[in-house]
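I opened the model today and kept notes on what I looked up.

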Amino acid sequence: MAEKFVHVANTSDLKPGENKVVNVSGRDVALFNADGKFYAIDNACKHRGGPLGEGILDGTTVTCPWHGWQYDVTTGKSTSNPPEHVAKYHVKVEGEKILISLA
């Protein structure tokens, strides 16, 4: 079965180093532009559910704005607490469109 990609933003919506929360099929997803490449992970931090899409992005590491847990946006793995991770989603860019698949 083919992955279903959903258009969530345009490349011009996020400059390098910026991030935002987007909704994909009813789920909040954190979308990041790390040096011109786009990544998407679950928006809820494993610590207390903080909004990762509102965190500070430094390179490919996002810091949760609530309690400082950090995640690698390329993998979803926590750099603060290595056993923890959030879901990472497939992203593709078609022209100006950023598309995400939850599959």
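I take two strands as paired if DSSP finds at least two bridges between them. I keep in mind that this is a predicted model.

**Entry: the β8/β9 pair.** I looked up strand β8, residues 88-94, and found it antiparallel to β9 over five bridges. In this pair I see Lys92 opposite Leu99 of β9.

**Entry: the β1/β9 pair.** I turned to strand β1, residues 5-10. Five bridges join β1 to β9, again running antiparallel. Here I find Ala9 facing Ile98 of β9.

**Entry: burial of β9.** Is β9 largely enclosed, or open? I count residues under 20% relative accessible area as buried. Four of the five residues in β9 (residues 97-101) are buried, so the rest of the structure largely encloses this strand.

**Entry: the whole chain.** I list nine strands and zero helices. The radius of gyration is 13 Å, close to the 13 Å of the globule rule for 103 residues, so the chain is as compact as a globular protein of that length. I note a C-alpha trace spanning about 35 × 30 × 20 Å along its principal axes. Of the 103 residues, 39% count as buried.

**Entry: surface and charge.** The chain exposes about 5700 Å², and I see 47% of it supplied by carbon and sulfur atoms. I also compared 11 positive with 12 negative charges; their mean positions lie 5 Å apart.

Methods: Residues are numbered from 1 along each chain as its sequence is written. This is a predicted model: local features need pLDDT of at least 70, side-chain atom pairs count only at pLDDT 80 or more; totals for chains, interfaces and linings use all residues. Side-chain values use heavy atoms; hydrogens and water are left out. Helices (H or I, at least four residues) and strands (E, at least two) are DSSP runs, numbered from the N terminus. The radius of gyration is taken over C-alpha atoms; the globule rule is 2.2 Å times the number of residues to the power 0.38. Buried means under 20% relative accessible area, exposed over 50%, partly exposed in between (1.4 Å probe, protein chains only). Accessible areas come from the Shrake-Rupley method with a 1.4 Å probe; for residues, only the protein chains shown count as cover. Lys and Arg count as positive and Asp and Glu as negative; His and the chain ends are not counted. The place of a charge is taken as NZ of Lys, CZ of Arg, CG of Asp or CD of Glu.
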